[in-house]
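Biologist: Can you walk me through this one? I'd like to start with how the chains meet.
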Amino acid sequence: EQNTRTQENISQAFEDLGKLMEMAKDMVSISKSISEKLRLKQGEITDDETVQFKSYLLSLGVSDPVTKSAFGSGAQYYEKLANELATILEKPLKECGGMMALPDVYCRVNRARGLELLSPEDLLNGCAMLVKLNLPITLHHFDSGVLVVQLKSMSVETTIEPTAKFVTDSDSATAQELAQTAGISVVLAKERLLATEEVGQICRDDTIEGLRFYPNKFAEAQTAAS
Amino acid sequence: MSFQWPWQYDFPPFFTLQPTLITREKQLEAWASLVIDYCQHDKIYTIDVVDIQQTELFHNIKLNRRLPSEGVRAVFDYLEQKKHVEWLDKQKTRCHIYWRTPEEWAKLIYDWVVSNGLLNTVCTLYELTQGDDTEGESFHGLDKEVLLKALRHLQSQRRAEIINVGDNEGVKFFQ
């Protein structure tokens with residue numbers, strides 16, 4: 001008795017699902033043809049129309065980057081998101097030294113939301129808008145490929161001096177040690193050390209035990225020896 | 001007299017090729033002068049690159065650090081660029097090291113010849129580098145190849161003439 005009922009329920013659910021998929025397929029093909037038409041009509045179209053069309057695409061979950069990028073850069077949705085990120089993140093960023101890797105940001109935002117979660121891509125697109133909107137936080141791209149969100153007032157360049165000082169005070173340091181002392185993630189600590197090395201303030205000792213950084217005595221000795 | 005190691009030798013990053021260009025330049029400079037001083041102290045004229053990598057010069061046992069072979073290669077490239085090294089083969093495995101360039105040696109020898117009034121006389125090469133008269137001179141014990149290079153340099157300036165006396169080679173100096 002009970003079993004048959006659940007069986008029925010399940011099969012009904014699956015049928016509904018199948019129907020839903022068909023509907024979605026129609027939507028996809030329609031939106032594709034619309035974007036084709038839009039491409040033909042280029043120039044005769046106002047901004048608002050494409051924006052609206054884009055929000056339809058987003059709600060469907062259809063990604064059509066080519067046509068998306070052809071009409072404006074990202075949807076209004078992202079701009080709103082960027083504004084929201086700025087308000088959410090400003091305080092935590094100040095607390096953790098002005099910089100946060102993107103995965104950490106993703107965790108924080110989604111933890112805070114609970115429902116209506118963000119996809120990683122949404123977050124990335126939202127962050128990409130930060131610069132354009134002239135908000136107090138920006139997205140920064142390290143050479144190593146690490147993406148971070150940082151306060152404009154606390155960029156990597158401003159951390160070089162304290163990092164160099166830390167290495168000098170402790171004679172030598174690894175990324176782990178810096179991370180523990182400064183209370184930042186190891187990834188960020190490494191980026192800071194690399195940036196400091198880049199300007200010739202510190203130098204590296206690379207062994208099987210790991211990568212240590214020392215104050216750049218080569219540069220100092222130059223003045224002492226000659 | 002034991003060899004005086006520079007402070008860099010006890011500085012661990014010295015044994016890692018620095019990625020930052022400015023720093024690397026300074027590092028190679030320090031390495032180059034260390035290699036030259038070391039060879040001068042031990043009177044080394046020819047270097048076998050593979051052998052020298054095993055010596056204390058590139059391996060600080062106390063620190064447990066050794067300059068990796070690409071680092072050694074970079075040091076020798078730098079020395080070559082500064083004309084302190086001349087390769088003896090295409091594979092770059094053996095080289096002459098000049099803690100002074102042949103031109104500098106030539107000047108030293110010529111000055112010695114002038115101050116000892118030996119102009120217009122013939123000296124054997126053996127005399128110049130192994131003889132008693134040059135005992136206190138810096139070119140005493142100079143490698144024959146290097147000596148010949150120096151003398152050829154003098155010859156090109158018309159201040160010396162290399163001559164073969166039987167199976168001994170000699171050289172005559174001019175004003």
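Modeller: Contact here means heavy atoms within 4.5 Å. Keep in mind that this is a predicted model.

Biologist: Fine. How many residues of chain B are in contact with chain A?
Modeller: On chain B, 15 residues are in contact, and they meet 16 residues of chain A.

Biologist: And how much area do chain B and chain A bury between them?
Modeller: About 1,500 Å². Carbon and sulfur atoms carry 65% of that.

Biologist: Which residues form a salt bridge there?
Modeller: B:Arg65 pairs with A:Asp205. Their closest N and O atoms are 2.7 Å apart. The count between chain B and chain A is one salt bridge.

Biologist: Which part of chain B gives the largest share of the side that touches chain A?
Modeller: Helix 1 of chain B, residues 21–41, with four residues. By class, that side of chain B has six nonpolar, six polar and three charged residues.

Biologist: Switching to aromatics. How many aromatic pairs are there over all chains?
Modeller: The structure holds 14. One of them is B:Phe14 with B:Trp31, which is stacked. The centres are 4.2 Å apart, with 5° between the planes.

Biologist: What does that pair tie together?
Modeller: B:Phe14 lies in the segment before helix 1 of chain B, and B:Trp31 lies in helix 1 of chain B, so the pair ties together parts 17 residues apart in sequence.

Biologist: Last topic, confidence. Where is it lowest in chain A?
Modeller: In helix 3 of chain A, residues 65–70, at a mean pLDDT of 54. Strand 5 of chain A, residues 210–215, is highest at 92. The mean for chain A is 80, and 83% of its residues reach 70 or more.

Technical notes:
Residues are numbered from 1 along each chain as its sequence is written. Chains are lettered from A and ligands numbered from 1 in the order in which they are written. This is a predicted model: local features need pLDDT of at least 70, side-chain atom pairs count only at pLDDT 80 or more; totals for chains, interfaces and linings use all residues. Side-chain values use heavy atoms; hydrogens and water are left out. Buried area is the accessible area (1.4 Å probe) that two parts lose on being put together, summed over both. A salt bridge is a side-chain nitrogen of Lys or Arg within 4 Å of a carboxyl oxygen of Asp or Glu. Helices (H or I, at least four residues) and strands (E, at least two) are DSSP runs, numbered from the N terminus. Ala, Val, Leu, Ile, Met, Phe, Trp, Tyr, Cys and Pro count as nonpolar, Asp, Glu, Lys and Arg as charged, and the others, Gly among them, as polar. pLDDT is the predictor's confidence in each residue, from 0 to 100. Rings of Phe, Tyr and Trp (its six-membered ring) pair if their centres lie within 6.5 Å; planes under 30 degrees apart count as stacked, over 60 as edge-to-face and the rest as tilted.
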